[in-house]
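Here is my note on this structure, in numbered points. Please read it with the sequence and the model open.

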Amino acid sequence: MKKLGSGHTLAACFVGYITQAIVVNFAPLLFVTFNQSYGISLTLIGLMITVNFGVQLLVDLISAKFVDKLGYRPCAVAAHLFCCAGLVLLAILPDVLPSPAAGLFIASAVYAAGGGLIEVLISPIVEACPYQKKKSVMSLLHSFYSWGQVAVVALSTLFFVLAGIDRWLILSLIWAAVPLLNAVYFLFVPIYPLVEEGEEPVKPGSLLRSGMFWFFVVLMLCAGSAEQSVSQWASAFAEEGLGVSKTTGDLLGPCMFAAMMGSARVLFARFGEKLKLRTALFAASCGCAAGYILCAFSPFAWLGLVGCGVVGLSVGILWPGTISFASSRMPRGGTALFALLALAGDVGCMAGPSAVGAVADAFSGDLHIGIAFGLFFPVLMAVVLLAYSIRKRRKKTFLTGENLQ
């Protein structure tokens, strides 16, 4: 059999992020259905997001220890098999167990374990591939999460229209085929070393003592929160908060959000090498804050949906841009750097949407108020980036003597 090249590695990683999009975005399309069919409160549904990203967080935390020992290939295969199993259990457990919520939580935990591993593994696998324009390739990689989200929302919505929302269990089994097939693909693609032979990667303890590392941790926390606080609630926000139909809500909520996010990542992949990452991240965080304001405070439904699109366009580069920024500043970070940054991002992904759900519940289910609370995260990111830029400029001025008369 002809030996596969790095193009196949990249293709498998692209499908890996599509798998990630499935396990993160399929269940949120059913939040209102879960609420109405099983009588699960918005707070409890918000906790389902917490379970998902909490398990991913745990996997991020421990993966730095075992990934390098076991190897990237077996871990990538296992990650996809976990995702497949979780989606199968999602279709079975809620109607089998005495508590439907417990069934949803268990299934969510299983596919979240796979999603957490994918988050840790895919970026360093691509980073290690023999490509010159790393920043562009990384942004293109993350765009496939967005296109995966578009596919999940659009195809799921089409399925619901043709077969009925009550047949969602069948669709869950259909989506489970994607990670199963990609697990097989990962058995054959080449995997390249992340750190050059003869070089020692930085140990986790050294990273934790680095001020630069904690700067990137804050950025990842904000990036994850800013993205998922709208993404996870976009369907329910459009349906309940803006008063549109289920089909319209899914297509104009999470689908538009993902399309705008994917477009931003493709554009960044095309032109990103010409931009300063710090400046691009600051502009994106400000745009994200503007989108949150439109979502939360607009008196018109259509303007609130525009806000979802603005947030999607703005957050597109926050996660991959921060990873590229960190990788360029800490090139010997190795698996530990990617794992700990994924951990920080997943903390944000867990905290943001859960807080939105809890705040909305506290105000009689008003998702406008919940989304307004999420404005905190892009604003914090902008402030941190601005403070970093000012500090760096002052340091440069001092070193060059420009402050001397």
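1. Start at the end of a helix. Just after H6, Gly164 takes a positive phi of about 105°. H6 has 30 residues and spans 43 Å from its first C-alpha to its last, close to the 44 Å expected at 1.5 Å a residue. That expected span is 1.5 Å times one less than the number of residues. Helices (H or I, at least four residues) and strands (E, at least two) are DSSP runs, numbered from the N terminus.

2. Ground rules. This is a predicted model, so local features need pLDDT of at least 70, side-chain atom pairs count only at pLDDT 80 or more, and totals for chains, interfaces and linings use all residues. Residues are numbered from 1 along each chain as its sequence is written, and side-chain values use heavy atoms, with hydrogens and water left out.

3. Overall make-up. The protein has 18 helices and 0 strands. Of its 405 residues, 55% count as buried. Buried means under 20% relative accessible area, exposed over 50%, and partly exposed in between (1.4 Å probe, protein chains only). The protein exposes about 16,600 Å², and carbon and sulfur atoms supply 69% of it. These areas come from the Shrake-Rupley method with a 1.4 Å probe; for residues, only the protein chains shown count as cover.

4. Contacts along the chain. Take the contacts in the protein with a separation of 6 or more: residues 24 or more positions apart account for 84% of them. Contact means heavy atoms within 4.5 Å.

5. Ser146, in H6. Ser146 has its place in helix H6. Is Ser146 buried or exposed? Ser146 counts as buried because its relative accessible area is 0%. Leaving aside neighbours within four places in sequence, Ser146 is in contact with Ala258, Met261, Gly262 and Arg265.

6. Thr9 and Tyr192. Thr9 lies in helix H1, while Tyr192 is found in the loop between helix H8 (177–186) and helix H9 (204–208). The two are 183 residues apart along the chain, with their C-alpha atoms separated by 9.2 Å. Thr9 is at 1% relative accessibility and therefore counts as buried. Tyr192, at 27%, counts as partly exposed. Not counting residues up to four places away in sequence, Thr9 touches Ile125, Cys129, Val189, Pro190 and Tyr192. With the neighbours within four places left aside, Tyr192 is in contact with Gly5, Ser6, Thr9, Ala128, Cys129 and Pro130.

7. Thr33. Thr33 lies in helix H2 (residues 31–38). Its relative accessible area is 14%, so Thr33 is buried. Which residues does Thr33 contact, leaving aside its neighbours within four places in sequence? They are Tyr38 and Ile165. Thr33 and Ile165 are 132 residues apart along the chain, and their C-alpha atoms are separated by 8.1 Å.

8. Helix H15. H15 (residues 318–329) has 12 residues and reaches 16 Å from its first C-alpha to its last, close to the 16 Å expected at 1.5 Å a residue. H15 is mostly covered, with 10 of its 12 residues buried. Among the buried ones are Trp319, Ile323 and Phe325.

9. Aromatic pairs. Rings of Phe, Tyr and Trp (its six-membered ring) pair if their centres lie within 6.5 Å; planes under 30 degrees apart count as stacked, over 60 as edge-to-face and the rest as tilted. By this rule the count comes to 11 aromatic pairs. One of them joins Phe159 and Phe160, edge-to-face, at 6.3 Å centre to centre and 75° between the planes. Phe159 and Phe160 are both buried. Elsewhere, ring pairs link Phe215, Phe216, Phe325 and Tyr388 into a cluster.

10. Cavities. A search of the whole structure finds 4 cavities of 30 Å³ or more. Of the 14 residues that line the largest cavity, the closest to its centre are Gln20, Glu119, Tyr145, Glu227 and Trp319. A cavity is a set of points on a 1 Å grid over the protein atoms alone where a 1.4 Å probe fits but cannot get out; lining residues have an atom within 4 Å of a point. Grid points are joined across faces, edges and corners, and a volume is the space filled by probe spheres set on the points.

11. Who lines the largest cavity? Helices H1 (6–25), H3 (42–70), H6 (134–163), H10 (211–231) and H16 (334–362) each supply at least two residues of the lining. The largest share, 3 residues, comes from H1.

Note on methods:
On a 1 Å grid over the protein atoms alone, a cavity is a set of points where a 1.4 Å probe fits but cannot get out, and a pocket is an open set with protein on both sides within 12 Å along at least five of seven lines; lining residues have an atom within 4 Å of a point.
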